[in-house]
Amino acid sequence: MSEPAHAVSRDEEESTDDQPTTGASSVIAALENASVEIVFGIQGGAIMPVYDALYHSDVRHVTMAHEQGAAHAADAFGIVSGRPGVCMATSGPGATNLVTGIADANMDSDPLVALTGQVPTAFVGNDAFQETDTIGVTMPITKANYFADDADTVGDTVGEAFALAEGGRQGPTLVDLPKDVTQTETDHEPGMPTPPESYEVPDEADPETVEAATRALEGAEKPVILAGGGVIKGNASEELRAFATAYEIPVVTTMPAIGSFPEDHDLAMEIAGMHGTGYANMAVTHCDVMFAIGTRFDDRLTGGVETFAPDAEVIHVDIDPAEISKNIHADYPLVGDAKTVIDQVDQAMTATPDAAAWREQCHAWKDEYPMDYQAPDDEPLKPQFVVEAVDEATDDDTIVTTGVGQHQMWAMQYWTYTKPRTWVSSHGLGTMGYGLPAAIGARLAADDDQSVVCFDGDGSFLMTGQELSVAVREELDITVFVLNNAAIGMVRQWQDAFYGERRMASEYPWIPEFDTLAEAFGARGFRLETYDQVAETVEAALDYDGPSVVDVYIDPAENVFPMVPSGGDNGRFAMNQAHMEEL
């Protein structure tokens, strides 16, 4: 990791002893106590005292181009590192610009701490300059938020917010910092990050329910493990792999769980849901016992809940009791930590399910519904081909970030993920523009020898492309592949399928040349239009030591398949456009 953008000189270090201890310095001390290394943000009036305190800290600050980018970068930093990312913005528009990123982290249970400036407490409620009710705005989209009203306690409040973001079911927290509180002197030093005394996180599941669930799993003839994002959040990927392998149970994943189980494993059925593999959806539809770990059973996974795993007994493991039976009824509710509960079930197992015929059926479905595509030389470049080419040219631990849309699905489907924390994307909120700022956060959290690749769409890139300036300034080695079809491709696909091909506001009559735009920002730009250019261009872009953008002109008519219509039966999916018209 490179040095902070502002390195404090010896004279400046000596002068910090004369600096008064304020609410602002207490905030920074709390971050230091939490071992925070990087803060993503943008300066402004109400947050200025906190930035002034940051001047004297070793915590690195990365100035983003837009506050939304700061939130997404911090979010991705948290996904890759496993510890909360931190973002900071001023009051009013600064705080509201963070909202999309905070909501995204909330939907995906990503650990994030947001610090926002606020007008002085005496002005709150008076429509002061750049005042917004940040607490009211963010209350529905945070795990907890705080209005800091005392310089003596503000540091401990920030520490508590950090502990809550990281503990139990992870998620975003926010501390709103009035300017008078951060400017007021205090002699209180904050302690280490500590959650409230009343906050309890379940660990072990109820032993009797574990025993009952285990007997059901042992007696299954068609068992499936459904791995959700909680497997990765709970650092339980190794336990999942060991358990599935020991008892020879096929594994299906949700999108947030990509990488929790190696997709090149014989038991891997890969991703289920709207654009999941046909064989994963068939396994889910026909299983008789489902061991679901750390998933909230969202609608893009389940389709119609009445047709989701209709014949299965469901064992549901989740650290948040609110998720149990919220969408799918749990026959065996196991509330607890994913790693701990997998171990509990493992310890209780006395037999391996007699499922040899089931495994053969799962392999047969892989043969029947392969993830293939046509790539004639006389047609425009297929995006699937590009994704596979980049995958082949990079190491197994390469981190992939994406925006949202068709490109996201192709990156999900045609890249082979074998390790956790290598897939960084927006799932629940579906935030276009997530990919590029996420690549910045991922790059700063990743090991130095890991590659970071972003697959973006032209629509997504246009929303946050300004963050390329940050990657150039910070000299970050990221490679962006813009799968360019001159459209909001997923919207166009839905319009063709469900709206009589009325392509209202989904196609771009003109878009910039993204390779030229990259050069204007100071990055390297490449253009890719034909199959014979792919290998050389991919190699050149990946080899460039810095940010590069490849403008990939893909077939504008290409669609994402398989596809289950929204609210449909996962067992009835379309493998191509002709199948879609039959559903």
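1. Leu583 sits in the segment after helix H24 (577-582); helices here are DSSP runs of H or I with at least four residues, strands are runs of E with at least two, and both are numbered from the N terminus. This is a predicted model, in which local features need pLDDT of at least 70 and side-chain atom pairs count only at pLDDT 80 or more, while totals for chains, interfaces and linings use all residues. Residues are numbered from 1 along each chain as its sequence is written, and side-chain values use heavy atoms, with hydrogens and water left out.

2. Leu583 is partly exposed because its relative accessibility is 38% (buried means under 20% relative accessible area, exposed over 50%, partly exposed in between, with a 1.4 Å probe and protein chains only). Apart from neighbours within four places in sequence, Leu583 is in contact (heavy atoms within 4.5 Å) with Met563, Pro565, Arg572, Phe573 and Ala574. From Leu583 to Gly219 the C-alpha distance is 35 Å, and the two are 364 residues apart in sequence.

3. Thr90 belongs to the loop between strand E3 (85-89) and helix H5 (93-108). Its relative accessibility is 5%, so Thr90 counts as buried. A polar atom of the Thr90 side chain lies 3.5 Å from the backbone nitrogen of Ile47. Not counting residues up to four places away in sequence, the residues that Thr90 touches include Ile42, Gly44, Ile47 and Gln130.

4. Ser425 is in another loop, between strand E14 (423-424) and helix H18 (435-445). With a relative accessible area of 1%, Ser425 is buried. Its side chain makes a polar contact of 2.8 Å with the side chain of Gln408. A polar contact is a pair of N or O atoms within 3.5 Å; within protein, one must be able to donate a hydrogen and the other to accept it, and residues adjacent in sequence count only if both atoms are side-chain atoms. Beyond four places in sequence, Ser425 touches Asp108, Thr402, Gly403, Gln408 and Tyr434.

5. For the chain as a whole, there are 24 helices and 18 strands. The radius of gyration is 24 Å, close to the 25 Å that the globule rule gives for 583 residues, so the chain is as compact as a globular protein of that length (the radius is taken over C-alpha atoms, and the rule is 2.2 Å times the number of residues to the power 0.38). Of the 583 residues, 58% are buried.

6. Among contacts with a separation of 6 or more, 74% are between residues 24 or more positions apart.
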